[in-house]
Amino acid sequence: MPVTKVESIWMNGALVKWDDARIHILSHVIHYGSSWFEGIRCYDTARGPAIFRLDKHIRRLMDSVKIYRTQSPYSEEQLCAACCDTIRANKMRACYIRPVVYRGYGDVGVNPMGCPVDVAIAVWEWGTYLGPAALAEGIEVCISTWHRPAPNTLPTMAKAGGNYLLSQLMKLEAVQAGFSEAIALDVSGNLSEGSGENLFLVRDGTLYTPPLCSALLPGITRLSIMSIAEGLGIPVKEMVIPREMVYVADEMFFTGTAAEITPIRSVDRQLVGSGKPGPVTLRLQAAFFDVVKNANDPHKWLTFVYP
């Protein structure tokens with residue numbers, strides 16, 4: 001989905017014009033993928049613009065930076081405030097927020113220690129990630145030929161820019177084969193996640209999702225859906241899930257900041273259940289959107305841009 005240009009971007013503590021938000025071609029991040037980022041949504045709720053789980057997202061950003069032995073020059077509180085400032089400066093009601101910490105210009109060797117740590121925050125309008133009909137009708141997906149990294153290779157708990165080279169390969173393979181998205185397996189051949197989404201399955205009314213040890217990102221929306229399900233009395237099991245479970249599941253869906261709650265109607269051309277979004281998926285989807293659009297927020301997940 002194309003990025004819609006807005007007025008300004010926050011860079012290293014100051015708002016700069018969109019076209020002036022530049023980095024040097026020899027910045028470490030360009031050559032070695034040394035960046036850590038978040039995807040966050042601000043919704044135009046019944047009570048005004050509100051960011052979904054801002055504190056959790058920024059905490060995960062700091063975790064990603066720390067895993068790679070880096071230190072952010074800004075605190076969690078400063079980055080949360082900067083996200084709100086950037087939205088206000090651009091007069092946004094609903095938007096996607098992209099904070100990114102990255103190694104800048106200083107040294108072109110693999111060792112990043114001689115490079116500064118820079119931070120930027122951009123916002124822009126972003127609609128339904130997987131297509132306008134995806135939330136209502138579901139999408140067709142495939143099992144990717146690409147697997148998630150084995151333990152002790154790349155840290156999949158970190159949302160690092162370099163990790164997404166694998167996601168690009170998955171996505172390209174899926175789209176070129178006529179699918180909307182792909183599901184990766186872990187090193188043992190069990191279910192992991194999509195190219196940029198976490199995965200849930202429903203069988204006999206129970207909600208299943210792979211554990212973090214299956215090489216997946218600890219998704220904020222994933223965690224939220226597990227909490228919502230428990231509140232609705234829907235059993236949740238976090239467990240290693242074999243590949244063949246996708247072919248006998250009653251329902252399946254992706255979760256993520258961009259994907260929100262997107263039903264999956266088929267895997268490898270085989271229908272999931274009836275081939276339409278199922279009752280558990282629709283119930284969870286409705287409860288999620290009740291929080292982010294109606295501001296019915298018993299969990300206190302929303303940060304209002306104009307408190």
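Helices (H or I, at least four residues) and strands (E, at least two) are DSSP runs, numbered from the N terminus. The expected span of a helix is 1.5 Å times one less than its number of residues. What you see is a predicted model, where local features need pLDDT of at least 70, side-chain atom pairs count only at pLDDT 80 or more, and totals for chains, interfaces and linings use all residues. Residues are numbered from 1 along each chain as its sequence is written, and side-chain values use heavy atoms, with hydrogens and water left out.

**View 1. Helix H6 and what follows.** Helix H6 covers residues 220-231, 12 residues in total. From its first C-alpha to its last it reaches 17 Å, close to the 16 Å expected at 1.5 Å a residue. Which residues of H6 are buried? They are Ile220, Thr221, Arg222, Ser224, Ile225, Met226, Ile228 and Ala229. Here, buried means under 20% relative accessible area, exposed means over 50%, and partly exposed is in between (1.4 Å probe, protein chains only). After H6 comes Gly233, with a positive phi near 80 degrees.

View 2. Look for Pro211 in the loop between strand E12 (206-209) and H6. Pro211 counts as buried because its relative accessibility is 11%. Setting aside residues up to four places away in sequence, Pro211 touches Leu216, Arg222, Glu238, Met239 and Val240; contact means heavy atoms within 4.5 Å. Pro211 and Lys237 are 26 residues apart in sequence, and their C-alpha atoms are 9.2 Å apart in space.

**View 3. The largest nonpolar core.** A nonpolar core is a set of buried Ala, Val, Leu, Ile, Met, Phe, Trp, Tyr and Cys residues joined through side-chain atoms within 4.5 Å. In soluble globular proteins, nonpolar side chains tend to be buried together. The largest core here has 41 residues, and the ones with the most contacts inside it are Ile51, Leu54, Ile58, Leu79, Ile87 and Ile97. Among the elements that give two or more residues to this core are strand E1 (8-11), helix H2 (54-67), helix H3 (76-89) and strand E7 (117-124). E7 gives the largest share, 7 residues. Zoom in on Leu79: leaving aside its neighbours within four places in sequence, it is in contact with Trp10, Ile58, Leu61, Met62, Ser72, Tyr74, Val119 and Ile121. There is also a second, separate core of 24 residues, which includes Ala50, Val202, Met226 and Leu284.

View 4. Ile23, Ile25, Leu26, Ile30, Tyr105 and Val108 make a nonpolar surface patch of about 560 Å². Patches are made of residues with over 30% relative accessible area and no salt bridge: like charges are joined within 9 Å, nonpolar side chains (Val, Leu, Ile, Met, Phe, Trp, Tyr) within 5 Å. The accessible areas come from the Shrake-Rupley method with a 1.4 Å probe, and for residues only the protein chains shown count as cover. Ile30 sits in helix H1 (residues 28-32), and its 43% relative accessibility is why Ile30 counts as partly exposed.

**View 5. Some of the salt bridges.** Side chains of opposite charge can pair when their charged atoms come close. A salt bridge is a side-chain nitrogen of Lys or Arg within 4 Å of a carboxyl oxygen of Asp or Glu, and the structure holds 14 of them. One of these joins Lys5 to Asp19, with the closest N and O atoms 2.7 Å apart. Lys5 lies in the segment before E1 and Asp19 in the loop between strand E2 (14-17) and H1, so the pair ties together parts that are 14 residues apart in sequence. Another joins Asp63 to Arg59, the closest N and O atoms being 3.6 Å apart. Both of these residues lie in helix H2, 4 residues apart, about one turn of the helix.

**View 6. Glu181 and Lys171.** The closest N and O atoms of this salt bridge are 3.3 Å apart. Glu181 is in strand E9 (residues 181-185) and Lys171 in helix H5 (residues 164-176), so the pair links distant parts of the chain, 10 residues apart. Is Glu181 buried or exposed? At 0% relative accessibility, Glu181 counts as buried, whereas Lys171 is partly exposed, at 22%.

View 7. Arg269 is not a glycine, yet its phi is positive, about 70 degrees. You'll find Arg269 in the loop between strand E15 (260-267) and strand E16 (270-271). Ala295 also has a positive phi, near 60 degrees, and lies in the loop between helix H8 (279-294) and strand E17 (302-304).
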